[in-house]
Amino acid sequence: QVRLTEIGGTTVKSGGSLRLSCEASGYAFCMGWFRQRSGEEREGIVTIGGNGIVDDADDFRDRFTVSREIASKSIYLQMNSLKVDDTAIYYCAGRLGSCDGLLPESYNFWGQGTQVTVSS
C-alpha cells in the first residue's frame, strides 16, 4: 500500500551538494535512504523513525543528513562534499514497523530509485 518516489537525482560536480526527496503515498513509521553503486551490493545510508530517531552508517555520517517532514510524509537526504564514488542509484525505503538497522532486507517498500552522478 505504501508507494515511495524519489526525486532530485542529477549530475553534480565533485565537492558539490545535492538534496534528494522521497514522497510517500502511504505512511511508513520507518523510512530511510539506501544506495547501490555499479557492481556493488545495496547499502544503507541512514534511517529515520517516526519519532525522529536517526540511525546512520559511519561512512556517511559527516556528509549526508536525513530529515523528515511528517505532514507531507516525506523524507530528504542532504548530501554535501560529494565525491565521484558517490555515483549510484539512490533509493528510498520504508517499513510499517519501527526501524531495525540498515540492512536492505529489513525494509518492505522501495521507490524506483534516482540516479546521482558525480563528475570529476
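In the predicted model, cysteine 92 is buried, at 0% relative accessibility. Its disulfide partner is cysteine 22, with an S to S distance of 2.0 Å. Cysteine 22 also counts as buried, again at 0% relative accessibility. The bond connects distant parts of the chain. Cysteine 22 lies in strand β3, and cysteine 92 in strand β9 (residues 88-95), 70 residues apart. The torsion about this S-S bond is about -80 degrees, so the disulfide is left-handed.

The count of disulfides comes to two. The other joins cysteine 30 to cysteine 99, S to S 2.0 Å. This pair, too, links distant parts of the chain, 69 residues apart. Cysteine 30 belongs to strand β4 (residues 30-36), whereas cysteine 99 sits in the loop between β9 and β10 (109-110). Here the torsion is about 105 degrees, so the disulfide is right-handed. Cysteine 30 is buried, with a relative accessible area of 0%. Cysteine 99 is partly exposed, at 27%. With the bonded cysteines numbered in sequence order, the pairing reads 1-3, 2-4.

Strand β3, which carries cysteine 22, is part of an open sheet of four strands. The strand order is β1-β3-β8-β7, and the pairing is antiparallel. Strands β1 (4-7) and β7 (64-69) stand at the edges. Each has a single partner strand, so one side of each lacks a neighbour in the sheet. Neighbouring strands are turned by 20 degrees against each other on average, direction ignored. Within the sheet, β3 (residues 18-24) and β8 (residues 74-79) pair over six bridges in the antiparallel sense. Arginine 19 has glutamine 78 of β8 as its bridge partner.

Methods: Residues numbered from 1 in each chain as written. Predicted model: local features only at pLDDT ≥ 70, side-chain atom pairs only at ≥ 80, totals over all residues. Heavy atoms only, no water. Pairing = 2+ DSSP bridges. Helix = DSSP H or I, 4+ residues; strand = E, 2+ residues; numbered from the N terminus. Axes fitted to C-alpha atoms, helices over the stretch in contact; angles between N-to-C directions. Disulfide = S-S within 2.5 Å. Buried < 20%, exposed > 50% of the residue type's maximum accessible area, 1.4 Å probe, protein only.
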